[in-house]
Structures are given as C-alpha cells and as structure tokens.
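Dear colleague,

I am handing over the structure below, together with notes on what was found in it. Please keep it open beside this message as you read.

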Amino acid sequence: MRLEKLMIKCIAIILLVHTVNVPAIAATQVLERIEVYPKAVQLKTKRDRQSFIVQATFKSGITQDITKDVKVSVVDSKLTRLDNFTLYPVADGKTEMHLEYQGKKLTVPITVAEAGAEKPISFKMDIMSVFMKKGCNMGSCHGASSGKDGFRLSIFGFDPDTDYQTITRQLSTRRVNLAIPEESLMVQKCDGSVAHTGGQQFKKGDEYYNIIVRWLQAGTPKDPGEVPTVTKVELSPPNGVMDGEKVQQKMNVLAYYSDGTTRDVTSLSYFSSNNDNSAIVSQEGVIESKNRGEAFIMARFDIHTVGSHFVILPKDLKYTEPKLPENNYIDTFIHAKLKKLRIIPSELCTDEEFLRRVYLDIAGLLPTVEEYHQFMNDPTPDKREKLVDDLLNRKEFVEIWVMKWAELLQIRTVANRVTYKSMTRYYNWLRTRVENNMPIDKMVQELISSQGGTFANAATNYYENGADTLKTAENVAQVFMGMRIQCAQCHNHPFDKWTMDDYYGFAAFFSQIGRKQGEDPREKIIYNKGSGEVRHIVGKHVMTPKFLGAEVPDLKGRDRRAVLAEWLASPKNPYFAQNLSNIVWAHFFGKGIINDVDDVRVSNPAVNPELLHELSKRLTEYNYDFKKLVRDICTSRTYQLSTKMNKTNESDTRNFSHATLRRVRSEVLLDGITAITQTRNKFQGLPLGSRAVQIANGNTSTYFLTTFGRAKRETVCACEVSIEPNLSQALHLMNGDIVNKKIKDGKLIATRLKEGVSPVEIFEELYILSLSRRPTAKELGTMIDILAAKEKQQEQLEDVFWALLNSREFLFNH
Amino acid sequence: MANRRSRRDFLQVGFAGGIGLSLADFFRIKEAQADLKDYKTVEGTAKSVIFIYLPGGMAHQETFDPKPYAPVEYRGPLNSIETSIPGVRFGELLKNTAKVADKIAICRSMTHGEAAHERGTHNMFTGYRPSPALLFPSMGSVITHEYEPRNNLPQYVCIPNQPNVFAGTGYLSSSFAPFSLGADPAQKGFKVRDLNLPNGVTNERSTRRRSILEAVNNHFVTKEKSDSLDAVDTFYKRAYSMISSQKAREAFDLEKEPAKLRDEYGRGTAGARMLLARRLCEAGARFVTLTYGGWDMHDNIAGSMKRQLPPFDQAFAALIRDLSQRGLLDSTLVCVASEFGRTAKINATAGRDHWPKVFSVILAGGGIKGGQVYGSSNSTASEPEEDALTVQDWASTIYHCIGINSDKELLAPGDRPIEIVKGGKVRKELLA
C-alpha cells in the first residue's frame with residue numbers, strides 16, 4: 001500500500017527533475033495497425049465525459065501511445081466538444097469521430113443523451129470512489145481496524161452504510177459543516193488547510209475537492225433507492241511492448257454499470273504496477289517504462305481490479321528470432337512469449353541431465369547403473385520420449401501423486417478426530433483411485449459430496465480435519481481453485497475480485513455438515529443435517545449458497561455439498577482444470593505458471609495465460625487424466641532445457657526459458673540415499689524396505705524427513721513442503737546417521753573390492769549412482785591419489801561416497 | 001525477467017553501486033527510507049534471552065497469582081506461601097521460586113482475547129494477533145534477522161525442537177530459522193545431533209572428506225547459479241565453523257557442568273533444559289526457547305500441578321540464582337510465558353479451563369527491575385485490575401531490553417512493511 005503511495009510522490013519528483021521526452025520510434029519501424037480505446041463513446045448527462053487513447057502497433061510488435069499524433073475530427077461538432085483528447089456532451093444525438101495516422105483510419109461512434117440533465121451526486125458512486133482513489137480507507141490509514149486518529153472507515157469500503165453514518169452522524173457536526181461546506185473538517189483535512197497525518201490529498205477546486213463539496217452542498221444525501229452497481233471495469237490498452245526507458249503510455253479505465261451506462265473512471269481509479277523496476281504508473285494513469293522486464297499494470301475501481309500486461313525492452317534491441325524446433329503446443333506458447341520478451345531459450349540439456357531430471361520428477365527415483373547405461377547407449381532419436389512413457393507406467397509415478405494428493409487432502413491423524421484406522425482407510429481410498437487412474441473430476445466430486453462413516457466411506461475424513469465451516473470453505477477454494485479467499489472473511493479482497501458476499505455465499509455450501517459418533521468409538525459419521533446457515537458478518541443476513549464467481553444454483557431437496565461438487569469439479573468451473581494443470585506444471589518446473597499455485601488472484605497474473613488456458617483445455621479434453629498432461633510436459637522441449645543460461649535469459653526467473661535448480665524434496669532424497677547405498681528403511685505402519693514417499697500419515701516422520709521439510713499436512717498451503725536449506729540439514733548429512741551409517745551398512749564398496757572391481761570402476765559406479773553421470777577427467781585427476789592408495793582403500797572410497805552424497809549436485813535436481 | 005526486486009534490494013543496489021544515481025533516484029531512496037520506519041538496532045541491556053514456554057496455558061491461580069481470600073471454588077485446592085517480597089504470595093508448590101521473588105518481576109495483569117491454544121500461542125511467540133493473510137516471525141527469528149552470530153553459535157536455538165510453527169520465521173527468509181537441538185538434554189547420553197564427527201571419522205579423515213567434497217562441488221558450482229545453492233553453501237560453511245570450534249560445540253555439552261549444579265537444577269527435563277539454555281546464552285547464543293510440561297489442566301488441577309510444578313520451581317529458582325551468582329542476570333533476560341491462564345472457578349472435573357482475559361507472566365534480568373509485582377488481577381483472578389499488560393506492550397518491552405525498537409518495519413512479501421510489533425509501548429515501570 002505504502003509503496004504505491006510512495007510511487008505517486010516519486011513520479012512527482014521525477015517529473016520535476018527530468019524533462020520527459022518520449023523517444024521517437026525509429027524510422028525503420030513499420031506500422032502494422034492502430035487501435036482506439038474505447039471503441040465507442042456514450043455520453044449521458046451534463047457532467048459526463050470520455051477520454052480516449054490511440055495505440056499503434058508496429059510490425060516488430062513494439063507499441064506506442066500515438067494519441068497526441070493522431071489527426072482527429074468529429075463529424076457533428078454541435079453534439080460534442082473535444083478538449084484535450086476528451087469528449088464532452090453538448091446536445092443529444094449520434095455522430096462519429098474519425099481518427100487517422102500514417103494512412104490508417106478508425107471511426108468511433110458517439111452517442112449523446114440527456115446532455116442538459118444533472119445527475120444527482122451519489123455517496124456510493126462518487127464519495128466512496130474518492131476514498132478508494134485517495135487511499136483513505138486503506139489498512140494503513142482510516143481503514144485500520146481501530147481507525148486512525150479517531151476516524152474509522154470500513155477497509156476498502158466494504159461497508160458504505162456504516163461509513164456514511166461515521167461521517168455524517170458520529171461526533172455530530174465535527175466532520176461535516178452543512179452551513180459552510182468548504183469548511184467541513186473532511187474537506188479541510190484533505191485540502192491541506194488543517195493538519196492531517198495523511199497529508200494533503202487534494203487541492204481546492206480540483207476534481208476530488210469538487211465531488212466532496214458538491215455532496216456537502218447537496219446536504220450529504222444518502223443514496224435514495226437502488227444505486228447502479230459496477231458490473232465490469234475495463235483497463236486499456238490491454239497490453240503493450242515498450243521500446244526503451246522513459247516511454248510513456250496513458251491508460252484508460254471504463255466502468256460499466258448495471259443500468260447500462262458507462263463512465264470514464266480513469267481519474268477515480270487507483271493504479272499500481274507489480275514490478276516498478278520495469279514500469280511505474282502514476283495516479284493519473286500514465287505508465288513510464290524503466291528497466292527491461294515485464295510489468296502488470298493494475299487499476300482498481302469499486303470492487304474491481306483489472307490489469308494490463310506490458311513488456312519493456314532495451315531501446316533498439318537487436319534480436320533475431322531463433323529457429324527452434326517445437327515438440328508440442330507447450331513449446332509453441334513458450335516460444336511465443338519468449339519472442340515477445342526477445343529472450344532466446346537455453347540449449348537442450350544433455351542426455352545425462354535429462355535422465356536424472358525425468359527420473360526424479362516422474363518417479364521420484366534415481367536411475368540405476370543398468371538404467372543409466374541402457375539409456376545412454378540407446379541410439380534411437382526418440383529415446384527421451386520412450387523413457388517418459390516407460391516411467392509413466394511405473395508404480396512409482398502413482399506413488400508420487402498419491403503423496404501429493406495426500407498433502408492437498410491433509411491425510412493425517414488428528415487428535416480426537418481422525419484415528420489411525422480412519423487415516424489409513426482415507427489413504428487407501430485415495431491410493432486406489434490414483435492407481436486406477438480415476439479421472440480427477442470424479443474423484444473430487446466423490447470427496448466433496450461424501451457422506452457416511454469415516455471407515456465405511458473414508459472420503460468423509462476430508463471433513464474431519466476440522467469442524468469450522470469457514471475454514472472448510474477456504475480450504476476447498478485453495479486446494480481445488482487455487483484461491484485464498486480468507487481476506488474476504490473480513491473485507492472485500494483488495495487485490496482480487498472476491499467480495500464478502502462471495503465469501504459467505506461460498507461458505508454456505510458447508511453449513512449443513514452433520515457429525516456424529518459411529519458404533520465403533522474410532523469412527524465418526526458425516527451426514528447432511530439439512531439445516532444450518534451462514535450469516536454475513538455485516539448485517540448478519542443469511543447467505544444463499546452461491547458458486548464462487550458463478551451462479552446461485554437450484555438446491556431444491558438436495559445436499560448442498562453434492563450440488564457444489566458437481567459444479568466444482570467440472571468444466572463449468574473454469575478454475576478447476578486451470579488449477580490442476582498449474583499444480584502439475586509446478587511439479588515439473590518448480591514454479592507454477594501462476595505462482596504460488598495456490599495464490600491465484602487478479603493481481604498475481606499467469607506469466608503465460610495462453611499456455612495455462614491450453615493446458616486446462618487439454619486436461620478437460622483428456623477427461624481429467626493428468627497422466628496425459630504429464631506426458632505433454634515432459635516431452636516438450638521446454639522441460640528439457642539446460643540450466644545453463646545465455647545473455648538473453650540469465651535474468652529470467654519466470655518464463656521457463658531455462659531449467660532451474662530445485663532441491664530434491666525430503667522423501668525423494670531419503671529414498672535416493674537409501675537406494676544407492678543399498679540399504680532399507682522402516683517407517684511406522686509400513687514393512688521394512690518401504691519408501692518414504694509411501695508414508696500414509698502426515699504425522700509419521702523421521703528426523704531426516706522433518707529436517708528436510710516434509711509436510712505435516714496441518715494446512716492446505718502448498719508452502720508446507722519446504723525445500724529451503726537450513727543448518728541442521730547440513731549437519732545431518734555431514735555427521736548424521738543417515739549418510740554415514742548407510743554407507744557402512746550397505747557395504748557397497750567392501751563388496752565391490754572383494755569382487756575385485758578396480759577402484760576406478762568403483763569410483764565411476766559411485767558417480768553414476770549418485771549423480772547419474774561419469775566423473776570428468778579433471779575429477780579423476782584430482783582424486784588420483786585416492787584411487788592409487790595402497791592403504792585404507794575402502795575408507796578412502798567411502799569418503800568419496802560420503803562427499804558425493806553431501807555434494808550440491810546430489811542435493812539438487814538440475 | 002519479471003523478478004521483482006524488493007525495495008530493500010533496490011536500496012542495497014543503490015548504495016553499493018554508489019555511482020550512476022540520478023537526482024531522481026536519490027530522492028527516491030530518500031523517500032523509500034523515510035517511508036520505511038527504521039531504527040538502529042543496538043546491543044541492549046539483555047545480551048541474550050531465555051524464553052521458557054509452558055504450553056497448554058498455565059493456571060495463574062495455582063502459581064504466581066493465588067487468591068487465598070477468595071471462596072474455595074475460586075481459590076482452588078492448593079494453599080499459598082510467603083515469598084521474599086513482603087506481602088506477596090505464590091502457590092504453595094513454588095517454594096524455591098518464592099525465595100528468589102526479589103530478583104524477578106511478576107506480571108499479574110497479562111491479557112489478550114485468544115482462548116484457543118494455537119491462537120494464544122501465536123500471540124505469545126510473535127507479539128501479533130493471528131492474521132489469515134500473513135504469518136508473523138517469532139521473536140527469535142526477528143532477533144536472528146537483526147544481529148550477527150556470536151562465537152560461531154546460532155543466534156536462535158530451540159530446546160529440544162521448534163515447539164510450534166509460530167516459533168519459526170513467518171514471512172522472513174528461512175535462513176532466520178531456529179537451530180533445533182533435535183534431542184532432549186534430559187535424556188541419558190544426551191548429545192546435540194550431528195555436532196560431532198561420526199564414530200571412526202578422525203579430524204584428518206574429516207579434512208580429506210572436505211577436500212573431496214570441494215572437488216566434487218567444484219564441477220557443479222562453476223556451472224550453476226542460484227540463491228538456493230548459495231544458501232546451502234552458507235549453511236555448510238556455518239556447519240564447518242561450528243564443528244571445528246571446540247568452544248561452540250562445548251556450549252551444547254551438558255556434561256561440562258559440575259554434577260552439583262546439575263543436581264541443583266534437577267536432572268529432569270525442566271532442569272536440564274534450563275541449564276543448557278544458560279550454557280548456550282553464556283557462550284553467545286542470543287535467543288534460546290525451551291518448553292516444559294503440558295499445562296492444559298482441564299481435570300484434577302491439584303494432582304497435575306503437584307506432578308509438574310515442583311521440577312519447574314526447582315529449575316527456575318536454580319536458573320535465577322545461578323545467573324545471579326555468575327553476574328549474568330543483568331545481561332540475560334529470562335521470560336516465563338504460556339498461551340493463557342485458566343478460568344477463575346474450579347470446574348466439574350476439578351480442573352480449570354482456558355482463560356486469556358488475565359494471567360501471569362514472569363520477566364527477570366536483562367534490564368528488568370526485579371522484586372516487583374507489575375499489575376494485578378481482580379479478587380477472583382478473572383479480570384485485570386491495574387495496569388493491564390497487552391501482548392504488544394509485553395513484546396515491545398522484551399525487544400526494548402534486547403536493543404530493538406519494535407516500531408521498526410520489516411519487509412513482508414509484496415513489499416509490505418510490517419512493524420516488528422504493531423503499536424506496542426515499552427512499559428517503563430518494568431525496567432531497572
């Protein structure tokens with residue numbers, strides 16, 4: 001919040017210091033098209049107005065704000081007045097505006113209605129908009145839960161009725177002065193005539209001042225009757241590519257109301273940039289480019305946040321599009337985006353790197369020595385694809401995804417709620433479904449609508465993680481739609497579209513869950529009570545169940561959860577497939593296309609929305625068989641890129657132009673060490689020799705697993721699985737009983753020496769086992785002493801083994 | 001490309017670069033600084049903190065705030081005794097602590113509104129009310145963020161393990177996480193995990209391992225670049241410096257303490273943990289968190305207290321005496337806290353239930369004025385009567401002793417500046 005405010009000040013300073021000169025587009029740029037925003041103008045009532053902008057797109061993809069260079073003419077100038085690229089109503093009627101630039105022409109239809117009529121000032125439409133624009137109701141100002149300096153507004157304006165009361169009735173006559181409106185405290189605080197902790201917010205006579213004073217002059221009316229609501233907000237232009245620093249682009253915000261009118265709300269919108277290192281935006285809505293990169297420019301008006309995507313390139317950047325093969329649609333979308341950014345992706349990774357990566361990612365395993373040689377010696381050109389297919393058919397692939405689902409569904413024992421037996425049944429319920437490749441939509445529908453005993457129908461354990469209705473609703477939104485709607489429990493989400501109505505309407509689906517004791521004391525029964533409601537915290541009215549971002553369904557005689565399940569896990573809910581695809585993608589790239597995967601919101605846009613859309617479309621067409629999606633991902637060229645970066649992509653962290661290092665997750669790391677030392681583990685409830693990925697219970701762990709960040713499944717947050725390093729991990733690998741003991745217990749080196757295998761061969765085997773590669777000549781050189789040692793041969797080779805398992809290369813998937 | 005640089009990074013780049021700053025940049029930096037509330041963190045009166053946490057919600061009536069004149073259903077089944085502060089009484093099971101009462105500050109007016117364990121715990125570890133939008137860092141992690149390590153020891157240590165998620169880094173980076181012992185010092189043959197070379201590995205062999213490790217790493221490190229890789233590197237370096245510093249390792253070795261002193265503390269979990277905490281602070285650790293017992297006494301409070309309180313009493317009194325005799329009490333802040341107190345009236349199962357409205361906490365040493373009772377509860381110990389002590393003020397006072405102005409802002413993700421404690425005031429009356 002504060003940052004954006006800071007930006008306003010900064011821009012003011014920058015404008016003072018620099019004379020901003022818009023660099024001319026190089027003569028070599030060839031014009032492709034021009035576009036005007038808005039495409040049609042509606043003017044209604046006397047005070048209405050509409051500004052417009054014109055954007056040129058050149059063949060190179062670069063765009064420019066050409067509003068000031070366009071030849072403009074209005075056909076019938078008796079109907080409308082044109083001043084500073086803004087149209088004002090004069091007389092009712094229809095006409096057109098013609099625009100021309102370098103031979104390209106556009107026509108904008110104009111409609112003027114009620115040109116002489118005055119529209120009454122509105123508290124909700126006008127005054128609340130000024131509060132939002134000026135940040136008065138933000139958390140750091142009067143929106144704080146205790147208000148600021150004795151004056152409290154509802155945060156982000158979620159409760160206009162109370163705000164109205166506060167201003168007009170609280171401390172009566174203090175804030176408003178109806179006799180001399182200009183001397184009302186709410187005016188004087190803001191225009192700088194009396195001290196205000198929040199500083200001067202507007203000047204005498206400016207637009208905001210006039211709105212407030214007009215409302216005071218009118219006697220602070222509270223809107224009579226229905227006030228039209230904002231149905232949609234549009235930010236234009238929707239995107240742009242800026243050539244070099246200090247290029248400007250004016251933005252335009254248009255609001256659509258429920259009564260069919262539109263309104264130019266550019267001056268009432270709150271602007272922000274998600275990357276002020278690349279582009280900043282002023283509160284007048286003017287973007288200025290800075291360093292190379294991408295920026296998402298957002299405008300907030302009423303409860304709507306909308307954004308436009310901008311790419312900022314170095315001035316006159318030389319770029320030749322590389323001729324790259326495309327394995328499938330994923331590469332097509334990734335290359336298209338990289339082209340926009342003028343980034344050349346890395347080269348393909350080596351066969352050794354691919355082998356290790358794909359084993360770890362698909363199966364959670366390291367390749368054996370035989371598997372290594374088999375793949376490396378395979379001369380066929382499609383061997384990578386073949387390997388992906390082989391791995392997808394292994395049971396270890398299923399196990400990885402059972403584990404990931406068990407995290408999302410929080411499979412664990414819960415004191416006094418989920419017994420060990422229930423938990424085991426719940427896990428088996430999940431495992432049989434993933435094993436049998438049940439379509440994910442069917443599985444989720446079964447889960448969400450589940451009823452019955454926690455033994456008999458173990459899916460019901462999902463509702464035994466906690467009995468809080470609101471928390472259950474929040475978890476469902478986060479896991480199956482990728483959205484954190486918690487904010488809307490107390491106020492309308494400031495950076496997203498969710499309002500408190502959406503929140504409580506969604507929570508109402510879970511208000512009728514009944515719980516009772518089963519016959520077996522370890523079993524609970526989940527049933528539909530058929531009664532129980534959720535109330536909105538403002539006004540305490542009962543909420544009708546409403547799908548998040550969609551309609552109010554017909555619930556007649558049905559279990560609310562069953563109705564929700566049919567919508568939630570279906571193509572009717574656009575977020576379901578998108579969220580699943582994103583989760584799958586993130587598993588293979590370490591980052592989602594929307595990142596974090598469970599933080600989907602307007603202000604956290606997808607870096608490649610077209611790709612995400614295509615992935616979700618395909619997943620739906622595959623009948624929610626995510627295995628097919630995994631195949632697409634792993635056979636794409638994008639997945640197979642090297643971690644080695646080039647000059648153009650070294651600063652890219654989001655667009656998948658190179659592979660990134662990912663620390664191997666705890667379970668897979670332990671299983672890897674166990675397998676290559678040829679030892680076995682015993683975990684609670686599992687036979688000796690089981691793998692850590694097979695552990696059913698979130699509460700079953702070992703020191704190793706906990707230290708390396710295994711999820712306890714206490715929350716649904718994707719952040720529970722930690723791959724962050726810490727001091728204990730380093731100490732444990734160096735001195736702990738895993739690496740040291742397993743090397744000793746497995747006796748791999750002693751056995752090999754006894755078999756008469758030469759030290760060099762053992763050395764090579766250790767490298768292939770741990771790092772899936774042969775040692776380099778240099779590495780062989782530095783360790784020549786060890787290999788030629790006459791004494792303590794075994795001990796020295798064991799030290800090599802220790803070093804390999806402690807190496808950075810071993811810890812990371814690369 | 002879209003890697004978003006935080007404001008802090010920006011400032012560092014700006015200053016480190018030194019050149020190429022335009023006037024606009026200069027103003028911008030000035031503005032950014034002015035915008036983020038920043039105060040210099042100094043060495044305060046408390047060079048280290050021992051944070052003794054009693055999970056479950058310790059009843060104040062049976063411990064530090066008895067009501068001997070209240071009707072029996074309020075007074076409870078236990079009696080009270082005199083302390084070394086005239087007129088101040090403790091529960092009868094605190095007979096050792098009663099003798100050191102003149103060295104500690106007993107705060108009887110602690111108050112907040114969270115009656116659920118996890119929410120109350122969040123309050124007491126972070127100084128913040130839980131928020132659905134943001135996880136706050138624990139005091140220990142904030143201190144790790146603010147200070148450099150001393151004598152090769154981790155700044156923030158948890159005995160035996162990080163007790164709950166709120167004792168972690170919250171929105172701060174994972175490099176500020178506590179170092180957890182991973183073993184209980186009261187156990188026979190207690191050793192901190194992985195601090196010593198494994199059996200059969202001599203120093204010489206360890207050196208050889210290290211050089212092979214460097215050779216293996218060399219190939220990868222020259223080829224790859226990543227923050228996460230650098231962090232692993234840092235932790236391996238720290239691990240090596242800890243392992244190779246005998247002093248640092250010995251700080252974790254309880255065997256180095258004389259048997260007589262160990263007996264004075266008691267050989268159980270309370271004694272061993274508090275003694276180890278003292279050892280670590282003496283050696284250079286800055287914030288040591290330890291837990292003892294389970295205090296959620298819904299049933300039979302008398303029996304549970306008789307089992308759990310005496311070892312605490314013995315250890316805590318020994319800790320205060322020991323610190324005082326070593327001249328370390330003035331530079332070591334000892335806190336005793338729990339997520340809340342318990343209901344005024346004894347319930348149907350002879351226990352007490354959750355009650356956050358008023359309860360007692362202890363502060364001692366490190367700049368706190370000993371021998372005082374701060375604030376009071378009403379006659380039934382159900383409401384604060386005088387000087388209600390809020391979580392924010394309590395936390396701010398602790399930070400103040402350490403040398404941190406808790407109004408300072410740290411950057412949470414999304415460049416959100418967040419005060420270390422929001423709106424906390426230092427309670428000057430508590431200070432020496």
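Helices (H or I, at least four residues) and strands (E, at least two) are DSSP runs, numbered from the N terminus. The buried residues of α14(A) are A:M500, A:D502, A:Y503, A:Y504, A:G505, A:F506 and A:A507, and they pack against α13 (469-480) of chain A; two residues are taken to be in contact if their C-beta atoms, placed from the backbone, lie within 7 Å.

Before going further, please note that this is a predicted model, in which local features need pLDDT of at least 70 and side-chain atom pairs count only at pLDDT 80 or more, while totals for chains, interfaces and linings use all residues. Residues are numbered from 1 along each chain as its sequence is written, and chains are lettered from A and ligands numbered from 1 in the order in which they are written.

Chain A is divided into domain 1 (2-117 + 227-313), domain 2 (123-217), domain 3 (398-570) and domain 4 (747-814), with bounds that come from an automatic or database domain assignment. Taken over C-alpha atoms, the centres of domain 3 and domain 4 of chain A are separated by 51 Å.

Another helix of chain A, α16 (residues 574-589), has 16 residues that should span 22 Å at 1.5 Å a residue, and its end C-alpha atoms are 23 Å apart, which agrees; the expected span is 1.5 Å times one less than the number of residues. Its buried residues, among them A:F576, A:L580, A:W585 and A:F588, pack against α7 (351-363), α12 (440-448), α13, α15 (560-568), α17 (609-621) and α18 (626-635) of chain A. The helix is followed by A:G590, whose phi is positive, near 80°.

Turning to the strands of chain A, where two strands pair if DSSP finds at least two bridges between them, β3, β8 and β7 form an open, antiparallel sheet in the order β3-β8-β7. Its edge strands, each pairing on one side only, are β3 (50-51) and β7 (80-83) of chain A. Between β3(A) and strand β8 (residues 86-89) of chain A there are 2 bridges, and A:Q50 has A:L87 in β8(A) as its bridge partner. Elsewhere in chain A, strand β11 (residues 230-236) runs antiparallel to strand β14 (residues 252-257), joined to it by 6 bridges, with A:V233 partnered by A:A255 in β14(A). β14(A) also pairs in the antiparallel sense with strand β15 (residues 262-264) of chain A, over 3 bridges, and in the hairpin of these two strands, which has 4 residues between them, A:G260 takes a positive phi near 90°.

A:Q678 lies in the loop between α19 (666-676) and α20 (703-707) of chain A. It is partly exposed, because 14 other C-beta atoms lie within 10 Å. Leaving aside its neighbours within four places in sequence, A:Q678 is in contact with A:G746 and A:L748.

In the largest nonpolar core, which has 285 residues, B:I52, B:V288 and B:C335 touch the most other members; such a core is a set of buried Ala, Val, Leu, Ile, Met, Phe, Trp, Tyr and Cys residues joined through C-beta atoms within 7 Å. Helix α12 (residues 301-325) of chain B gives the most to this core, with 11 residues. A second, separate core of 20 residues includes A:I121, A:M132, A:M186 and A:V187.

α12(B) itself has 25 residues and reaches 35 Å from its first C-alpha to its last, close to the 36 Å expected at 1.5 Å a residue. A kink of about 35° lies at B:L309, shortly before the proline B:P310, the bend at a residue being the angle between axes fitted to the seven residues ending there and the seven starting there. Just after α12(B), B:G327 has a positive phi of about 70°.

Finally, B:F51 sits in strand β1 (residues 48-53) of chain B, and it counts as buried because it has 25 C-beta neighbours inside 10 Å. Beyond its neighbours within four places in sequence, B:F51 is in contact with B:F287, B:V288, B:T289 and B:C335.

With best regards

Notes: Buried ≥ 20, exposed ≤ 12 C-beta atoms within 10 Å, placed from the backbone.
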